[in-house]
Amino acid sequence: MRHRFVTEKSNSYLKNLLLSLGIFAAVFLAFWLAVSSVSSRTDEEEMRTLQTAVMRGITHCYAIEGTYPSSLDYLKENYGLMYDEDRYFIDYQPLGSNLMPDVTIIPRKERRQ
């Protein structure tokens, strides 16, 4: 008898191994893409929430005091504005007591692990 069946088993084992590795890689890639997508949407939503909080604080200050806040620190101290300063830089440029300040929020370099 020849060893013809041994060769087929060896080829079958290799095919199964490669198929399993391929399926694992595809599932892993799909999971990684899904997590990345959710993370990106979360970051965008956090940025919108911060923009809303800053603008709400500015308008609240103007409604109560009749002037716009003179600085970002004033908003933090008197209107409870809190944000992660390691993640975001807020450029706050007052234009006068009766003009809406120019506010730019810039995300800092991401700290992905």
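The model is predicted, so local features need pLDDT of at least 70 and side-chain atom pairs pLDDT 80 or more, while totals for chains, interfaces and linings use all residues. Numbering runs from 1 along each chain as its sequence is written, and side-chain values use heavy atoms, with hydrogens and water left out.

View 1. Two helices and two strands make up the secondary structure (DSSP runs numbered from the N terminus: H or I, at least four residues, for helices; E, at least two, for strands). Of 113 residues, 16% count as buried (under 20% relative accessible area; exposed is over 50%, partly exposed in between; 1.4 Å probe, protein chains only). Carbon and sulfur atoms hold 59% of the roughly 9100 Å² accessible surface (Shrake-Rupley, 1.4 Å probe; for residues, only the protein chains shown count as cover).

**View 2. A nonpolar surface patch includes Leu21.** Its members are Tyr13, Leu14, Leu17, Leu18 and Leu21, with about 530 Å² of accessible area together. Leu21 sits in helix H1, residues 4-65, and is partly exposed at 49%.

**View 3. Tyr68 lies in the loop between H1 and helix H2 (72-79).** Tyr68 is buried, with a relative accessible area of 14%. Beyond four places in sequence, its contacts (heavy atoms within 4.5 Å) include Ile58, Tyr62, Leu99 and Met100. The C-alpha atoms of Tyr68 and Met100 are 6.6 Å apart, though 32 residues separate them along the chain.

Notes. Patch = residues over 30% accessible without salt bridge, like charges linked within 9 Å, V, L, I, M, F, W, Y side chains within 5 Å. Salt bridge = Lys/Arg side-chain N within 4 Å of Asp/Glu carboxyl O.
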